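Let's explore a protein structure together, one question at a time. Take a look at it first.

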Amino acid sequence: MDVKGVAFLARQLQAEQTFGRDRWLAFLTEQAKRDPVFAQPVLPVTRIPADAFLRLNDAMTQQFYAGDQQAYWKYGLKSAEYALRQGQLKALFNKGDYRRFAMFTPGIWKGYFTEGELTAQVRGNVAELRITGVPWPHTYFELSVMGFASGGLTYLSGKEIPHEVLKGFSRGDLEVAYRFTLPE
């Protein structure tokens, strides 16, 4: 499984904005010693081996967030806000398009990862998102992706969107299932 460079670039942007470019570059230099893929420029289409990408995110979470796994959720929230406010999704969605966004999330998964699948079903005021077939059932994939979905739904609806965790890598399950309650 590979992670596309666009995921790395999102993490880099967040780190630089939050902690400063110098601190990010010092961190990345250390990571490149362990995983040489980070010694080269990463482009949006660069394929990064999932194990190297996960080590980077684990190290980043340890260094910048004292190992708090909920940082992965925050990565997703911030990525969604950026993508919808000024990034690649800005032209695709308008305020109020939260149901359409929920149905679009499988495309977002495919834009970031080469394996696994995210499916979405919307029935009434319930959106259920599932991640299956991931060869690396790491908490990053669950929390950052569902955080992205939560952030996008909240941004587009203008309301906090409650969710329920049905299954998760964070619970030891081999798949992820979240239920989001959408506004009526």
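Predicted model: local features only at pLDDT ≥ 70, side-chain atom pairs only at ≥ 80, totals over all residues.

Residues are numbered from 1 along each chain as its sequence is written, and side-chain values use heavy atoms, with hydrogens and water left out.

Q: How many salt bridges does a search of the whole structure find?
A: A salt bridge is a side-chain nitrogen of Lys or Arg within 4 Å of a carboxyl oxygen of Asp or Glu. Searching the whole structure by that rule gives a total of 11.

Q: Which side chain of opposite charge is nearest to Lys4?
A: Lys4 sits in strand S1 (residues 2–4); strands (E, at least two residues) and helices (H or I, at least four) are DSSP runs, numbered from the N terminus. Lys4 is buried yet has no salt bridge, where buried means under 20% relative accessible area, exposed over 50% and partly exposed in between (1.4 Å probe, protein chains only). Lys and Arg count as positive and Asp and Glu as negative, with His and the chain ends not counted. At 9.4 Å away, the nearest side chain of opposite charge is Asp2.

Q: What separates Arg55 and Asp51 along helix H3?
A: The side chains of these two, Arg55 and Asp51, form a salt bridge of 3.7 Å, N to O. Arg55 is partly exposed at 29% relative accessible area, and Asp51 is partly exposed at 27%. They lie four residues apart in helix H3 (residues 50–65), so the separation is about one helical turn.

Q: How many residues apart are Glu175 and Arg130?
A: Their side chains meet in a salt bridge (3.4 Å, N to O). Glu175 is in the loop between strand S5 (163–167) and strand S6 (176–181), whereas Arg130 is in strand S4 (residues 126–132); this pair links distant parts of the chain, and the separation is 45 residues.

Q: Which helix gives the most to the lining of the largest pocket?
A: A pocket is found on a 1 Å grid over the protein atoms alone: unlike a cavity, where a 1.4 Å probe fits but cannot get out, a pocket is an open set with protein on both sides within 12 Å along at least five of seven lines, and lining residues have an atom within 4 Å of a point. The largest pocket is lined by 16 residues, with Ala10, Leu13, Lys78, Ser79 and Tyr82 nearest its centre. Helix H1 (5–19) and H4 each supply at least two lining residues. With seven residues, the one that gives the most is H1.

Q: Is Phe141 buried or exposed?
A: Phe141 is found in helix H6 (residues 139–157). Among the residues it touches are Leu54, Trp109 and Phe169, not counting those up to four places away in sequence; contact means heavy atoms within 4.5 Å. With 0% relative accessibility, Phe141 counts as buried.
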